Amino acid sequence: MISQRNDARHWWRDAVIYQVYVRSFLDSTGDGIGDLAGVRAGLPYLKKLGVDGIWLSPFYPSPQHDHGYDVADYRDVDPVFGDLGEFDLLVAAARRLGIRVLLDIVPNHCSSEHPSFREALAAPPGSAARARFHFADGRGPDGSEPPNNWHAMFGGPAWSRVTEADGSPGQWYLHMFTPEQPDWNWRNPEVPAYFDQVLRFWLDRGVDGFRIDVAAGLFKHPGLPDSPDPEADARTRDSVNPLAWNQPEVHDVWRHWRAVCEEYTARDGRERLLVGEVSVPTAREHARYVRPDELHQAFFFDLLSAPWDVDAFRKVISEAIQDIAGTGSTVTWVLNNHDQVRTVTRYGEPAPEGSGLGAARARAAALLMLALPGAAYIYQGEELGLPEVVDLPDDVLTDPIFRRTGSRARIRDGCRVPLPWSGQASPFGFTQEAADVKPWLPQPEWFAEHATDRALADTRSFWHLYRDGLQLRASLPQLGDGTLRWLDTPPGILAFSRGDGLVCAVNFGTAPTPAPVAGEPLLTSGPCPPGVLAGSTAAWWITDGTHD
Ligand code: NOJ
């Protein structure tokens, strides 16, 4: 039996959190960009869906070079998205509905327009202002080569050269993402002290926790030595340069942040949550981030990156549970987010277009994820079965990766297209219908099929599957936190039991197979004749317990 420690229950251990990509959720002002008032207006919809909380993508003042992951002011709201008053209204409305609110905090880097970075640019080499970032002299006789050979995640060198106050070519600064996102120097005590204030600012405003961007970043290897494989990060688009990421000192930061959260919990009993975006090479390494005094959760991305293959799924699920169980945390499952091709499209390839295979598999994966022990994150539009918009014209793409890779990598715009809410034509209720108003990314005509009004009216929709799954998850003690036991199954079938008699099975093949459990299923991801588990389908059953 693979089991997770069944600690005292904490809400986050098996919470289902909905990721709101604010600029694409709902626009209340008619500028074609979603905003906080739009999120507030959408809360009843999310309540109906049954999520426990929302994670808001960055809405802070930002020049938006990386859609808000370039923060110019960590303690305010960008006017495009509203203001602090609107933020407070959103938190209050969510609290009334019992929906928790997580913010996205970006501690690895800021915007090149952040006042501290501007001050550093204006200050001389060796100054206290520059010491908050990674400024260094260049190599070569005239300093015209970067201080080391690292490449940025989004392509190109990880260093940019500045012009000094006297107009001469000057030092270089480090940016592991775009040049507009200088990395903070966490070895400088002013930086952790500053983020302390940021955390407290939002905790004082009532938030329930934070999603932490690039949580395996922050510290770089002392001395910033050359990397043996400098292009590894850009090539894999994973943070694998062992000198730039996952340094041991980062764990002290998470211990401190955890203590700050607990301080707030001690005041009012409300448990705050830290969930890290932790990209590290192994599940074991990942587990180090969720030790009892560090982050509560860390997204487990291996499920998201697994191909649609029964053995791959079984392996990543087993490893995650095994390695994370020992920490006292639970696994944090995720299938979609704002950086990834949506499951319907990902699992559909290379199936012929229109075969419906990607959608069937995405539905099955959803039921699988919701049956696994631990917490789950849903990315907006996932509950509508939105496919990726793969044919956006080049001139509308805004993802810096596209620009930084010389237009080679079209990765992240297609999953960020504004949501369709109603009607037959763009803007599908996302923003006002007016000749001069356009959603910030164009919505294809076929979004009509996925609009929420249609989804809610059709009991066979993705929406109903997610809603039913969430309702059952909330009411059945077997689901959520707890244990998992694999069941013996024929090739191509994955099945496990949860607690006292709940079985989840997934048919990874395309041909129907006899159902591994007798009796009528509680929920299926697609139509199944009696006694059969259809191809590319998942189902849940309550059994008499003989499978435990
Ligand atoms: C991870 C975020 O999810 C992504 O959208 C962002 O571009 C990078 N971190 C850099 O902040």
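Trainee: In which loop does H67 lie?

Mentor: This is a predicted model, in which local features need pLDDT of at least 70, side-chain atom pairs count only at pLDDT 80 or more, and totals for chains, interfaces and linings use all residues. Residues are numbered from 1 along each chain as its sequence is written, and side-chain values use heavy atoms, with hydrogens and water left out. Helices (H or I, at least four residues) and strands (E, at least two) are DSSP runs numbered from the N terminus, and in that numbering H67 lies in the loop between β3 (53–56) and α2 (84–97).

Trainee: Is H67 buried or exposed?

Mentor: The backbone of H67 has a positive phi of about 45°, although the residue is not a glycine. Buried means under 20% relative accessible area, exposed over 50% and partly exposed in between, with a 1.4 Å probe and protein chains only. Because its relative accessible area is 6%, H67 is buried.

Trainee: What is the phi of V214 near?

Mentor: V214 sits in the loop between β8 (209–212) and α5 (232–236), and its relative accessibility of 9% makes V214 count as buried. V214 is a residue other than glycine with a positive phi, near 50°.

Trainee: Which residues does D323 contact, leaving aside its neighbours within four places in sequence?

Mentor: D323 is found in helix α9 (residues 310–325), and it counts as buried because its relative accessibility is 19%. Contact means heavy atoms within 4.5 Å. With those sequence neighbours left aside, D323 is in contact with A283, R284 and A287.

Trainee: How many Å apart in space are A325 and A287, C-alpha to C-alpha?

Mentor: A325 also has its place in helix α9, and at 11% relative accessibility A325 counts as buried. A325 and A287 are 38 residues apart in sequence, while their C-alpha to C-alpha separation in space is 8.5 Å.

Trainee: Why is α11 described as roughly parallel to α14?

Mentor: Axes are lines fitted to C-alpha atoms, for helices over the stretch in contact, and angles run from 0 to 180 degrees between N-to-C directions. The axes of α11 (residues 357–371) and α14 (residues 462–475) come within 10 Å and cross at roughly 10°. Angles under 35 degrees count as roughly parallel, over 145 as roughly antiparallel, 65 to 115 as roughly perpendicular and the rest as oblique, so the orientation of α11 to α14 is roughly parallel.

Trainee: Where does P427 lie?

Mentor: The peptide bond from S426 to P427 is cis, with omega near 15°. P427 itself lies in the loop between α12 (400–404) and α13 (452–457).
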